[in-house]
Amino acid sequence: MDLYKELVDGPGYAVCPIENIQLFKKLRDSFLDKINITTESEKDINMVRKTMIKMSLAEINKLRTNLLTFTDLSDMMINSCPSLIETLCGKELFIQRRAHIIFNVPDKDLLRIWSHYEMMSGISPFTYVLWAPLHDLEDDGGAYLIDQKYSLEVMKKEEADGLVNGPTVLNMMEKQKPAHLKFGQVVVFNPFVLHGNVSFNSEFTRIACNVRFQSYHKPLLQKNSDYLKYYRLP
Ligand SMILES: [Fe+2]
């Protein structure tokens with residue numbers, strides 16, 4: 001598989017194996033330490049996922065603030081997939097200073113991410129996103145991604161109609177089926193691909209992390225050095 005071709009000329013996204021799974025497991029352990037939820041069985045991701053279902057939005061926000069101490073999340077994510085990243089952007093990079101850990105809680109639609117593409121938030125067209133669940137993803141709690149050819153058609157139509165998330169996008173959202181993934185798989189996608197979440201039923205919250213990166217030699221747009229930091233792959 002030619003990853004660069006797939007991301008630039010093909011669908012705009014690809015599912016790949018995480019290269020350094022030991023490091024990614026360490027990342028998950030760090031998350032479990034920092035989120036600081038006490039469950040009967042310590043350090044069990046599925047217990048954390050279950051416990052979160054019963055939490056209020058305020059309690060979930062508190063968990064998010066607990067994660068502010070996770071300052072090496074970006075580096076850990078990037079170092080989990082060094083060859084993938086080098087293939088796309090070389091060794092000299094700008095990476096997101098603070099990677100995100102995101103929760104998709106069943107029945108809490110307020111937390112759901114609606115259809116969007118990354119360039120909507122001022123990110124450069126040369127940016128890619130790495131997205132990985134911290135557990136097997138066997139229900140519809142994951143993210144759907146729309147082939148970039150169709151994504152671009154939708155965006156052009158919306159631009160012509162003067163709309164953002166108009167009826168085309170809203171109707172499209174209802175029909176989407178998020179990909180099921182295994183722990184140890186990562187999705188990488190370009191900033192033109194529409195993506196989002198759907199409502200889903202499960203006894204488990206979905207927990208995933210994501211990080212943005214681009215070549216150091218490509219231009220930055222609105223998101224500059226407040227958001228990104230220089231990073232050189234080993
Ligand atoms: Fe996004």
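Predicted model: local features only at pLDDT ≥ 70, side-chain atom pairs only at ≥ 80, totals over all residues.
Me: Which residues are the protein donors of the iron ion, and how are they spaced in sequence?

Reply: The protein donors are His116 through NE2, Glu118 through OE and His195 through NE2, lying 2.0 to 2.2 Å from the iron ion, and in sequence these donor residues follow the spacing H-x1-E-x76-H. Water is not among the atoms, so sites may look incomplete.

Me: What should I look for in the largest nonpolar core?

Reply: In soluble globular proteins, nonpolar side chains tend to be buried together. Here the largest nonpolar core has 48 residues, and Phe31, Leu84, Ile101, Phe103, Leu130, Val188 and Phe213 are those with the most contacts inside it; helix α2 (residues 21–35) gives the most to this core, with 6 residues. Leaving aside neighbours within four places in sequence, the contacts of Phe31 include Ile45, Leu67, Phe70, Ile101 and Phe103.

Me: Which residues lie nearest the centre of the largest pocket, and what kinds of residue line it?

Reply: Of the 22 residues that line the largest pocket, Ile113, His116, Glu118, His195 and Arg212 lie nearest its centre, and the space in this pocket is about 320 Å³. The lining divides into 11 nonpolar, 7 polar and 4 charged residues, with β8 giving the largest share, 3 residues.

How values were computed:
Residues numbered from 1 in each chain as written. Heavy atoms only, no water. Donors = N, O, S within 2.8 Å, 3.2 Å for Na, K, Ca; no water. Core = buried A, V, L, I, M, F, W, Y, C linked by side-chain atoms within 4.5 Å. Buried < 20%, exposed > 50% of the residue type's maximum accessible area, 1.4 Å probe, protein only. Helix = DSSP H or I, 4+ residues; strand = E, 2+ residues; numbered from the N terminus. Contact = heavy atoms within 4.5 Å. 1 Å grid on protein atoms, 1.4 Å probe; cavity = no way out; pocket = protein on both sides within 12 Å on 5 of 7 lines; lining within 4 Å. Points joined across faces, edges and corners; volume = space filled by probe spheres on them. Nonpolar A, V, L, I, M, F, W, Y, C, P; charged D, E, K, R; others polar.
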